[in-house]
Each structure stands twice: as C-alpha cells, then as structure tokens.
Amino acid sequence: MEPHGEKPGEAEGVRVTPQLLKSRSGEFALESILLLRLRGLGLGDLGCLGECLGLEWLDLSGNALTQLGPLASLRQLAVLNVANNRLTGLEPLAACENLQSLNAAGNLLATSSQLQCLAGLRGLEYLRLRDPLARLSNPLCASPSYWAAVRELLPGLKVIDGERVTGRGSEFYQLCRDLDCFLQPSSSPGPSTTEAQPWVEPGYWEAWPPRSSSILEEACRQFQDTLQECRDLDRQAGDTLAQAEQALSPAGATSSFVF
C-alpha cells in the first residue's frame with residue numbers, strides 16, 4: 001500500500017498543540033516527555049513538538065505529514081517511526097544526533113540521495129524504508145540498486161528493512177538474497193537451465209520384496225518346544241512337592257510319644 005493521497009480540505013491536517021501533547025503523555029511540562037505515541041491522528045503540522053527536548057521515543061506513523069521541521073531540535077531522540085505519511089525528505093533528522101532507529105516506510109522518498117542527510121548519524125543502526133507485511137514502501141525501493149545504494153551511503157547500518165546486514169545472522173539474510181536473485185527468471189538469452197537430476201537410483205524408494213520366513217518359522221518352532229518343556233518341568237515339580245508333603249504329614253489323627 002503506497003502512502004495515502006491528499007484529500008480536499010485535509011491538506012493542513014491536525015496541528016500538534018501543548019494540550020494534545022500533555023493529554024497524550026500525561027506530563028505537565030513538555031520538556032519532561034520521554035515517550036510519545038501520536039499514531040493515526042491525522043496530523044499535518046507538528047506545531048510545538050520541537051519543545052519536547054527530552055523526547056527519546058516518538059511514533060508519528062499513519063498521519064498526513066509532509067515535513068519534519070520541528071524534529072530538528074530533538075537531540076535526545078533515539079527511536080522514530082514516521083511510516084505511512086507523505087514525506088518527500090528527511091533533512092531535519094540530520095540534527096537528531098542520537099537517532100538509532102528510523103522507520104520511514106510508506107512515504108514518497110524517490111531517490112537514495114534523499115537519505116544523504118542521515119549519513120552523519122553515527123548511531124543510526126536500524127532503518128526501514130520498506131515493510132512488505134504492512135504493504136508499505138517508497139519509490140526508491142523499486143530501483144534494482146536500492147539495497148546496495150543504501151548500504152554504500154549508510155555503512156553503519158546493522159539492519160535494513162528488518163534484515164540484518166552486519167553481525168550475527170547477516171550471512172543467512174545474504175544467502176536468502178542470493179538465492180532470490182538466482183531463482184528469478186532471466187529475460188536475457190543464454191543457455192537453458194540444467195534440468196534437475198535425481199540424486200538416488202531409480203527404484204530406491206520402492207518397497208523391497210518380502211524376505212523368506214523360514215528362519216522366523218524355525219525360531220517360533222524352537223520357542224514352542226522350549227515352552228512345552230517348561231510346562232512339563234512345572235508339572236513334574238508340582239507332583240514331587242505333593243508327594244513330599246504327603247510323606248511328611250502324620251499317619252493318624254493323634255500322635256504317640258515314646259518316653
């Protein structure tokens with residue numbers, strides 16, 4: 001989904017006021033606000049937002065913003081989400097020296113040169129200009145050289161569009177990108193792709209014929225014979241015990257004692 005278009009009568013949008021900021025944050029002083037969520041409020045003018053000098057986390061996604069001028073004074077800002085707006089430039093963010101994470105997917109950024117203003121942000125590690133799950137993108141993302149251009153312009157980035165480019169796990173993402181490029185059909189003339197060949201011999205997965213059961217039958221017969229011998233021995237032992245008990249029992253009802 002590309003950034004929403006401008007509707008008649010809504011070019012200005014809602015303006016940020018001190019009352020709005022205090023009601024959304026619960027703080028009495030603008031300088032005390034550290035975290036602020038202003039998502040989907042139809043904002044078109046950031047107004048006095050630049051007075052929140054202590055702001056560290058800011059969500060402005062889903063509004064109607066066309067410029068970020070007031071954010072230039074937010075030197076403590078570390079996380080910023082301006083996705084799904086109408087931005088054509090990010091120049092004011094060059095002054096946000098502590099910025100670490102920026103989500104600008106779903107705007108109107110047309111060329112990688114519009115990211116030049118971010119080159120001086122040494123702490124910037126996470127950048128999102130495209131979000132496939134939310135169907136948000138920027139015109140510059142359509143360029144085949146988009147990925148390489150962003151990496152060259154901002155070599156300090158660790159994650160681009162949710163994919164790690166340096167550090168642990170980056171090799172996996174690079175492998176996935178290489179596979180995607182390899183699997184994409186080519187329109188240029190050239191030798192046809194080699195047809196995949198089976199890696200096992202024909203008939204490998206077929207059921208094997210049943211083996212002869214003579215060995216199994218012989219084992220069962222021997223087991224039955226042994227079982228019968230055990231039963232015979234058990235019967236003989238029972239007869240022997242009965243005879244012994246009879247021999248040891250007294251001959252009469254009364255016993256006779258010889259003194």
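Read along the sequence, the elements run β-α-β-β-β-β-β-β-α-β-β-α-α. That makes four helices and nine strands. Both kinds are DSSP runs numbered from the N terminus: helices are H or I with at least four residues, strands are E with at least two. The model is predicted, so local features need pLDDT of at least 70 and side-chain atom pairs pLDDT 80 or more, while totals for chains, interfaces and linings use all residues. Residues are numbered from 1 along each chain as its sequence is written, and side-chain values use heavy atoms, with hydrogens and water left out.

**Surface and contacts**

The protein has 259 residues, and 30% of them count as buried. Buried means under 20% relative accessible area, exposed means over 50%, and partly exposed lies in between (1.4 Å probe, protein chains only). The accessible surface comes to about 17600 Å². Carbon and sulfur atoms own 56% of that surface. These areas come from the Shrake-Rupley method with a 1.4 Å probe; for residues, only the protein chains shown count as cover.

Contact means heavy atoms within 4.5 Å. Among contacts with a separation of 6 or more, 38% join residues 24 or more positions apart.

**The nonpolar core**

In soluble globular proteins, nonpolar side chains tend to be buried together. Here the largest nonpolar core holds 46 residues. Such a core is a set of buried Ala, Val, Leu, Ile, Met, Phe, Trp, Tyr and Cys residues joined through side-chain atoms within 4.5 Å. L49, L60, L102 and L118 have the most contacts inside the core. Helix 1 (18-25) and helix 2 (146-153) are the elements that give two or more residues to this core. Helix 2 gives the most, with three residues.

What does L102 touch, not counting residues up to four places away in sequence? Its partners are L80, V82, L90, L93, L118, L124, Y126, L127 and R128.

**Salt bridges**

A salt bridge is a side-chain nitrogen of Lys or Arg within 4 Å of a carboxyl oxygen of Asp or Glu. The count comes to seven.

| Salt bridge | N to O distance |
|---|---|
| D45 and R15 | 2.4 Å |
| R130 and D161 | 3.7 Å |
| D232 and R235 | 2.8 Å |

D45 lies in strand 3 (residues 43-45) and R15 in strand 1 (residues 14-15), so this pair ties together parts that are 30 residues apart in sequence. D45 counts as partly exposed, because its relative accessibility is 24%.

R130 sits in the loop between strand 7 (126-128) and helix 2, and D161 in the loop between strand 8 (159-160) and strand 9 (163-164), so the pair ties together parts 31 residues apart in sequence. Which of the two is buried? D161 counts as buried, at 10% relative accessibility. R130 counts as partly exposed, at 29%.

D232 and R235 both lie in helix 4 (residues 214-248). They are three residues apart, about one turn of the helix. D232 is partly exposed at 23% relative accessibility, and R235 is partly exposed at 48%. Elsewhere, salt bridges that share partners join R37, R39 and D59 into one network.

**Cysteines**

A search of the whole structure finds zero disulfides. A disulfide is a pair of cysteine sulfur atoms within 2.5 Å. For C48, the nearest cysteine sulfur is that of C52, 6.5 Å away. C48 counts as buried, at 10% relative accessibility. For C117, the nearest cysteine sulfur is that of C96, 9.9 Å away. C117 also counts as buried, at 17%.
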